[in-house]
Amino acid sequence: MATKWWQNEVVYQVYPRSFQDSNHDGIGDIPGIISHLDYIKSLGVTMIWVSPIYQSPMVDMGYDISDYQAIDPQFGTLDDFKELLTEAKKRDIKIIMDLVVNHTSDQHEWFKEALADPESSYRDYYIFKKTSNGEAPNNWRSIFGGSTWEPVPGEPDTYYFHTFAKQQPYLNWENPALRRAIYDMINWWLEMGVAGFRVDAITHIKKDLDWLSIPADDVDGLASVVKKGRNRPGVGDLLTELKQETFDKYDAITVGEAYGLADKELPAFVGPDGYFSMVFDFSYMNIDVKNGDEWYRGRADWTPVDLRNAFFDAQETTANAQGSLANVLENHDQPRVLSKLVPDKQYQTPQAAKALGTMYYFLPGVPFIYQGQEIGMKNFERQSIDEFNDVSSINNYNTALQDGYSEADALEAVNHKSRDNARTPMQWDDSVYGGFSDIQPWLAMSNDRDGINVKAEQQDDQSVLKYYQELGALHHDSDWEPVIINGDFQPMRSLPDSVVGYQRRLGQQVLTVLVNLGTKAARVNLVQTGQTLQQAGDVQISGKRVKMSPYSAVVLGVMPEEG
């Protein structure tokens, strides 16, 4: 079975702003990343995804880029980045970057030129529309709230389009000159030695070009832009050209953030000749809320059965497409998984963090670890909306108030789901600023962090950190790597409702993963058990019977008998 070079990677996502401050300004930076490369490698990590470090006004924390080929000074210099590439390579670690090509910042030179001169060629790099009735071109609502149309200063009845914040004007992918500029930029980074990209919100690059209003879906008279501007017909032509002009030339790894895919579309995205190496499995990422964009609408009732079905369905449809998934529990846009998937706080323990890590780590595809996940970091609780930085959180809060929610209910929703939960500074030790910085950080520390830090966990053989290091070692173990990389996926759907279980099979080699996400003990009967390779919590095996304590996990392995 052919194995592509990236299929046995373990990826660690660094959110640079919150990882390590090296120059005493309260903001993490590239030298800070370099200083912890040995730590990252200790997790079995072979690749680092660096969230945006490009020049940016930071309205959306770097996802509003004002210069694609410059490093923002708060993170360091281009020479610092080149040193990161060099030092990572010494440790057999590859670097991938965030690729944000739906929109730029409104401070990008292209957009400044487009505003300054309506006849400029850069006007067609973006989406501008004129109206004759003094109203916006249509009733589409941006993902961050409000109209997708922003009036152009000094040009009556003229608007520019944005899917997210108004400071993120959307690029016009229908324009070949714009596409060529983007491709040249991508190839510039690949020439430098970047191994590939995580591709941001890529299913949004194609819009319905009729620009027609649609029935409103809320009291504001607007309708979500995703209905007319996400994964629309014709997006495949753009993605095919993107791949051919850039990624294919360098055998680059690409990880698509591709919300809104139907099962039938997976072969085109991640099949043998797909647009991307893999896409993120987001089937369960918003399982905790009723609406993934407008999460102030409340929490969803979900069960471990719902979660395992989401896992299993995504894996089976991807296998049918002959593709791969990027498997994640956390990222910079999601709250901490221990707080999200363990509703009862008394069970939000190191053991539960280990169990959750076990649950996803051996699924087919590539495991991604988000910084702090490996030490069991938790959500915070803020007392005021003024304590939040994230533009999406603030917009959700304000929209909730407009919809009649109380301030208390709106704040509770934001505390639960805010992207800032994952963006609090990394906890290296138990000092006041967690060893992240020696001055007040750009974002306040988490307020639930007793004993949750790298220094303490490095000294504890039973810590979440040590467990993640063991997961990494098992993933790369020469005996078990073949079944982890290439084994068939066999979901176990008839287990007790609280248990997520699956097997990986390659010939006679079998890996069995069992995780009890319930608050009561669970019993499982197996056809074969095998040796215990990894265990979290109290798991008792008697013959072919397995008894599991609440929030426990076990990985069992069977090797072919030697003839």
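## Basis of the description

The structure is a predicted model, and the descriptions that follow should be read with that in mind.

## The three-stranded sheet

Three strands make up an open sheet whose order is β6-β9-β8, with antiparallel pairing. Its edges are formed by β6 (128-130) and β8 (149-151), each of which pairs on one side only, and from one strand to the next the twist averages 35°.

Within this sheet, β8 and strand β9 (residues 158-161) run antiparallel and are joined by three bridges.

## The five-stranded sheet

A further open sheet is built from five strands in the order β16-β17-β18-β23-β20, and here the pairing is antiparallel. Because β16 (488-491) and β20 (531-536) each have a single partner strand, they stand at the edges, and one side of each is left without a neighbour in the sheet. When direction is ignored, neighbouring strands of this sheet are turned by 15° against each other on average.

Helix α9 (residues 304-320) lies across β16 and β17, and its direction makes an angle of about 25° with β17. Helix α15 (residues 464-475), in turn, lies across β20 and β23 (552-558), running at about 150° to β20.

## Nonpolar cores

The largest nonpolar core contains 144 residues, and of these Phe-81 and Ile-182 touch the most other members. Helix α5 (residues 176-192) supplies the largest share of this core, namely eight residues. Apart from this core lies another one of 15 residues, which include Trp-140, Ile-143, Val-225 and Val-226.

Which residues is Phe-81 in contact with, leaving aside its neighbours within four places in sequence? With those neighbours set aside, the contacts of Phe-81 are Ile-30, Ile-53, Ile-71, Ile-95 and Met-97, together with Trp-189, Met-192 and Val-194. Helix α5 spans residues 176-192, and Trp-189 and Met-192 are among the contacts of Phe-81.

Definitions and conventions: Residues numbered from 1 in each chain as written. Predicted model: local features only at pLDDT ≥ 70, side-chain atom pairs only at ≥ 80, totals over all residues. Heavy atoms only, no water. Pairing = 2+ DSSP bridges. Helix = DSSP H or I, 4+ residues; strand = E, 2+ residues; numbered from the N terminus. Axes fitted to C-alpha atoms, helices over the stretch in contact; angles between N-to-C directions. Core = buried A, V, L, I, M, F, W, Y, C linked by side-chain atoms within 4.5 Å. Buried < 20%, exposed > 50% of the residue type's maximum accessible area, 1.4 Å probe, protein only. Contact = heavy atoms within 4.5 Å.
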